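Thanks for coming, everyone. Please look at the structure on the screen while I talk.

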Amino acid sequence: MTFTNENAPNAGRHEANFETTNDSNTIQDQVTSQADSMPLFCSGFGQFHTNEPGKKTRKPYTQINLEEIRNLVDEPQQIDKSEAQWLIPSTFLSRTFKEQEVKGEFHLLWADIDENPNGIHAIAKIIEDMIPGYNFEIYTSKSATEANQKCRILIPSKPLIGSDWVLVQEMLNDKLEAYGIQPDRTSEGAAQLCYLSNRGEFYKTKSKRDGLSFDPMREWADLFQIKCEKETARIAGLERRKSEAKSQREAFNSYSGTDDFPSLIDAFNAAYTVQDILLQAGYDQKGDSFRHPNSESGSFSASVKNDRVHSLSSNDPLYTGGSGGGAHDAFSAFIVLFHDGDRDAALKDAGDNWVMIGSDYWNKVKQHEYVQQREETQHEDIWNQGAHPEYASSYDEQPAKEEEGDSTESRFDNDEDEEKELFSLKRFDITGNVDAMRQKTLDDVFVLDGIALLGQITVLYASPNTGKTLLTIKMLIDSVKEGRINGESVFYINADDTHNGMITKADIIKSYGIKMLVPDHNGFKAKDFVKHLNQLIKDGTSRGVIVVLDTLKKFSDLMDKRVISQFMTVARSFISHGGTLIMLAHTNKRRDAENKPIAGGTSDVIDDADCAYIIDAKPAALGDTRKTVIFENTKNRGNVERELCFSYSIQPNQIYSSLLISVEKHTQADIQGAKKEVEAAKAFEKDLPIIEIIQEAINSGTTKKTELVREVNNNGGGSHQKIRSILDRYTSKEWGFITDAHNTKIYHLIGKTATAEEYINATEGY
């Protein structure tokens, strides 16, 4: 058995090209600081470790940082792969590929090399040539042999959002292939498991730990631009196919009747392709292959051929047993993906909401055709029973003889009068109902004080962990205690919580009469929420009902304009019948040009809502005991507050009831100060990458302003003007300076002030 661990304590470090040879305290402190500052990655043990919703056996994910990864490289686990530790190089805890691409924040690139006959040293030389000066870890996998040193490569990187990370991973694998190395391309999946070092019969490592985290957006900018253009072209192709499908449906809608199609199913399949259904159900597409939304393998295992989809993944709802038969057409996929296999429900939904003939939906056209056919049959019966045969085919002429009291003219005149009355718009006039409607009008009562009015749709947008749930529950309780609303009328739908969190909150709010609904408990299903709203409207029991959705994304697809528009139409009808709807939703991960949060999803929610707020929070700094959040109104139809400010305790190990008690609403005078703090904190967060480069440069001895600006620019800190601006902005906060005899600014870090000798040297021009 061969075992070589060149990074273990006391191991030889004879190859300076790849190993740290500087043992100074400064470098060691820098490396330790760098490791400590790295975020915690999603991690687990064995391929079946999952905490994804809907899985039978769930177990919370663990987390691991760079220092712990390096410790494992030096002292590897020795365990069966079925129990071995893995990581996903993202701070977001999920094994779902789609979620990682949208929500993930990645700080590590990696590659998996299954064929490596030239050895780990050859791989290290390639990596050093590919990213000179940057850190990396290379270790052989458990199944490696001396003849085939299979290995994994880890490269600490600057933070990347999920979609960018996927492109950078492709670039890394492209470059490895250019060097003659064939990587496993599955590493390009945002939730692909990267197994950590695990000692087999042959174990060997190679590392560089005295450099910087790789910055692919700077070093590979040109290649990244090419990748982006290709991705844009791919997306444009998908959009073009969607547009073609839409044109196909519009052409289909030009039919004036249902006679051209034997059944609704035939009409559905003529109007929609199976690709349409997959995409609207959240599948990801690559060519003719698709990946289901909850995939944990990352493979595009569903393929479309001859207008049918067949899936090889047993986790895919469309899986048909792997035999190659039973592929789904568009309507079959619609039954499975949108109605859990309920064919009758799918037929009704398709006829009511999906298939149009002309300007009306299929079922409505069918009803009209049925009524028209019945009327024609009735007229035909009349003629056959009372008219002379020679006039039976004409409504314009009278029969030669009429029976007394049974004038054909009078019969048809009455029918025409009734038909004219049916098409009169007077039947829809509400002016005669104004008094009754006025009695049903809700007073301007605040459900959430200053924010949400009774009888309106209010939407609150915030990023995760801002406190929107805490503040909403606090304000609901206050409104019940102050008698503005009746807790028995409030239904809080908690669809975004842990099991313990659900129990804790339900236990608190029940004493105020507030009801809590949770999907998949007591028969309640999120997919049935719209149906329940419609039932309240139909039964006339909407008035006074207050519904809180936490969060909106669990009940509708915010990215699909058609779906969310239909949802908001029902919501608006619920409000018009006296209901109240408060919806909590997430902001985008990215901010606007002014560093303000952006409401997530399409604009339809805010367009159709009565009131909307964006909630922003000041990031908690080390030592902070309270978090401050600001509500900023972006749309209103009532006398709501333009801005509000709250704070609450963030002391560790608090119970939820204590958190509720800690909530404090601030005065208008406090808001401006809080806004400045939030804006300053967000600006600092945005500037932090450059701040860290400046601190690193000062710490390594580059202290004169001109040299410092040049050094930071060379290390990816941006333009000279931007660096000077940040130097000025954080002087006396992160660093200070003294001026030498030549009027040159000499910088030092705060907490590491200049010594007397350094001051004399600076002022005398040394």
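How many bridges join β4 to strand β8, and in which sense do they run? Hold that for a moment. This is a predicted model, where local features need pLDDT of at least 70, side-chain atom pairs count only at pLDDT 80 or more, and totals for chains, interfaces and linings use all residues. Residues are numbered from 1 along each chain as its sequence is written, and side-chain values use heavy atoms, without hydrogens or water.

Back to the strands. Helices (H or I, at least four residues) and strands (E, at least two) are DSSP runs, numbered from the N terminus. Two strands pair if DSSP finds at least two bridges between them. Two bridges join β4 to β8, residues 194-195, and the strands run antiparallel. Leu87 has Cys194 as its bridge partner in β8. β4 also pairs with β2, residues 41-45, antiparallel, over four bridges. There, Gly44 partners Trp86.

Now burial. Buried means under 20% relative accessible area, exposed over 50%, partly exposed in between, with a 1.4 Å probe and protein chains only. β4, residues 85-88, is covered on both faces: Gln85 and Leu87 are buried on one side, Trp86 and Ile88 on the other.

Next, β5, residues 105-113. Eight of its nine residues are buried, so β5 is largely enclosed by the rest of the structure. Eight bridges join β5 to β7, residues 151-161, antiparallel. Trp110 has Leu154 as its partner in β7.

Last, helix α22, residues 705-714. Its buried residues are Lys705, Leu708, Val709 and Val712. After α22 comes Gly716, with a positive phi near 90°.
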